[in-house]
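The sequence and the model come next.

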Amino acid sequence: MKLLVTSTEDHGFFKGRIALHKGDTILQEGIKVAKEMLETTSDNSEKSKASLDQSKNEITVSVWDFAGQSLYYSTHQFFLNERSIYVVVMDMTRSLKDVLSKSDGIGICCGLVDSCTYLDVFKFWLNAIHMNSDYQSGERTIQPTVILVGTRKDEMKGSAEEKEKNMNLYFDNALCSFDKNSPIFNHIYKNRFLVNNLSPKDSAFAELRKEIISLAAKQDYWDKEYPVRWIHMEQTLDKMRDEKRQIVKMKDVENEDLENIHPLGKEELTSFLELQHKQGNIIFFNSGELKDFVVLAPQWIIEAFKCFIPHNHKIEATVLKDWEEYKKYAILKPNVLDEVMKNSPP
C-alpha cells in the first residue's frame, strides 16, 4: 500500500483530508459465490473474475490537501465527513496569538473577521470537522480521527526533547481554548507528530503513515461488507471518467446501471453513490435538485470554484461596479457571473 504525503508551504497551515477505505471489502465466501455467478455469464466473465481477485487485498487511499485560503472554504464541506482521517497541521514558529495577514496566503477567514489569529484558524478547522461529521444526531460515538502535526521542526530552538515539549504545549494551549465539555476533544487522537516539512526523509513521516493506517483500521466502517455487484457499478463510474465525463445527470448514471449484469436499481444505486461520496470518489448529495447530478471528478468542483477567485480578470468597464461589490460582499449578479464565465477555461 502506498500513502501519498502532500507537503505545502502555505505558511505552516494546511489541512489534509485523508479518507482511507477498502475499495471492495468482501467476505471470501462472497467472492467465491460471485465468481460462480460470473462464470455463468459470457462477455465480461474473465474480466469480472480478475477484478474480484484483485479486490481481495487492495486498500484504496484518497488524499486531499485542502487549500487554506478563505475563498476555498465553501468547497470543504464536500469532503468533510465521518469516513475520514484528518491531519491538522500548524506552524510551530508562529504564536497562537499572531494575527494572519494577507501575505500569509490564508486570507481573511474564520467568519470574515478582520483580525484572525492562528488560534482562530485552528478552532475553525476543528469546528468544521465536527459540524460536517454525522455525530450531530447523537446516534454514533465520536471517534478520535484528528491527528495534530507541528511543522518547521528545523526552525525551532532547543534540543529534540525541548522541541517536542514545546509542540505539545502549543497544542495543549490551543485545545484548552475550547469549553470544558466541548465535543471537539473527542475527535483528537492521542499521538502527535513534529516534522521538518522540508525533509521528506524525516522519520516522523514514516511514523505518521503507520499511525494513519492503524487509526483507520480501528474505525467502525473498516471491513464493512458491501454487495459484490457494487464492483460493477464502480467499474462503470471508472469507465465514465475515462470518457472525460466530469459531471453527469443522475438519469445517465441510472441508464448505465441498467446495462450492467446485475443492475442495482434506483434505491440501491442511491446508497451506492452516497457511500462513494463519503469515500471521496465522487460528489453526490441526495437532496433537492442536487440529487439530479453526480460529479465524477471531485477535483472538477475545485477547478470550477477557482474561476470565481477575483484576480487577474480583465473586466469590462460596464461591470466594474458590480465586480467590486462581488469582491467585497460576495454578491454574484448575473452580469458578473457572465463575466466570470467569459474569463474561465472551456
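Rings of Phe, Tyr and Trp, the last taken by its six-membered ring, are paired here if their centres lie within 6.5 Å; planes over 60 degrees apart make a pair edge-to-face, and planes under 30 degrees apart make it stacked. By this rule the count comes to seven aromatic pairs. The model is a predicted one.

**Aromatic pairs**

A pair of aromatic rings is described by the distance of the centres and the angle of the planes. For Phe124 and Trp125 the ring centres are 5.6 Å apart and the planes stand at 75 degrees, so this pair is edge-to-face. Phe124 has a relative accessible area of 24% and is therefore partly exposed, whereas Trp125, at 1%, counts as buried.

Tyr170 and Phe171 form another of the pairs: their ring centres are 5.8 Å apart with the planes at 85 degrees, so this pair is edge-to-face as well. Tyr170 is buried at 10% relative accessible area, and Phe171 is buried at 0%. Ring pairs also tie Tyr170 and Phe171 to Phe122, which gives a cluster of these residues.

**Helix packing**

Two packed helices are described by the angle between their axes and the distance between the axes.

Helix H4 covers residues 118-131 and helix H5 covers residues 160-175; their axes come within 10 Å and cross at roughly 70 degrees. Angles of 65 to 115 degrees count as roughly perpendicular, so H4 is roughly perpendicular to H5. The crossing of H4 with H5 is right-handed.

H7, residues 230-242, and H9, residues 266-278, have axes that come within 11 Å and cross at roughly 65 degrees. H7 passes H9 in a right-handed crossing. H7 contributes Trp230, Met233, Glu234 and Leu237, and these meet Glu268, Leu269, Ser271, Phe272, Leu275 and Gln276 of H9. The residues of this contact divide into six nonpolar, two polar and two charged.

Gln276 belongs to helix H9 and is buried at a relative accessible area of 4%. Leaving aside residues up to four places away in sequence, Gln276 touches Glu234, Leu237, Asn281 and Ile282. Glu234 and Leu237 are among the H7 residues of the contact with H9.

**Residues with positive phi**

Which backbone angle sets Arg152 apart, given that it is not a glycine? Phi of Arg152 is positive, at about 65 degrees. Arg152 sits in the loop between strand S4 (146-151) and H5. Lys244 also has a positive phi, near 65 degrees, in a residue other than glycine. Lys244 is placed in the loop that runs from H7 to strand S6 (247-249). As for accessibility, Arg152 counts as buried at 14%, while Lys244 counts as exposed at 71%.

The table collects relative accessibility for residues discussed in this report and for Phe293.

| Residue | Relative accessibility | Class |
|---|---|---|
| Phe124 | 24% | partly exposed |
| Trp125 | 1% | buried |
| Arg152 | 14% | buried |
| Tyr170 | 10% | buried |
| Phe171 | 0% | buried |
| Lys244 | 71% | exposed |
| Gln276 | 4% | buried |
| Phe293 | 40% | partly exposed |

**Phe293**

Phe293 is part of strand S7, which covers residues 293-295. With 40% relative accessibility, Phe293 is partly exposed. What does Phe293 touch, not counting residues up to four places away in sequence? Its contacts are Val248, Lys249, Met250 and Phe284. Ile283 is ten residues from Phe293 along the chain, and the C-alpha atoms of the two are separated by 8.9 Å.

**The chain as a whole**

The chain has twelve helices and seven strands. Of its 346 residues, 44% count as buried. Among contacts in the chain with a separation of 6 or more, 71% are between residues 24 or more positions apart.

Terms used
Residues are numbered from 1 along each chain as its sequence is written. This is a predicted model: local features need pLDDT of at least 70, side-chain atom pairs count only at pLDDT 80 or more; totals for chains, interfaces and linings use all residues. Side-chain values use heavy atoms; hydrogens and water are left out. Axes are lines fitted to C-alpha atoms, for helices over the stretch in contact, and angles run from 0 to 180 degrees between N-to-C directions. Helices (H or I, at least four residues) and strands (E, at least two) are DSSP runs, numbered from the N terminus. A crossing is left-handed if the near helix is turned anticlockwise from the far one by less than a right angle, and right-handed if clockwise. Contact means heavy atoms within 4.5 Å. Ala, Val, Leu, Ile, Met, Phe, Trp, Tyr, Cys and Pro count as nonpolar, Asp, Glu, Lys and Arg as charged, and the others, Gly among them, as polar. Angles under 35 degrees count as roughly parallel, over 145 as roughly antiparallel, 65 to 115 as roughly perpendicular and the rest as oblique. Buried means under 20% relative accessible area, exposed over 50%, partly exposed in between (1.4 Å probe, protein chains only).
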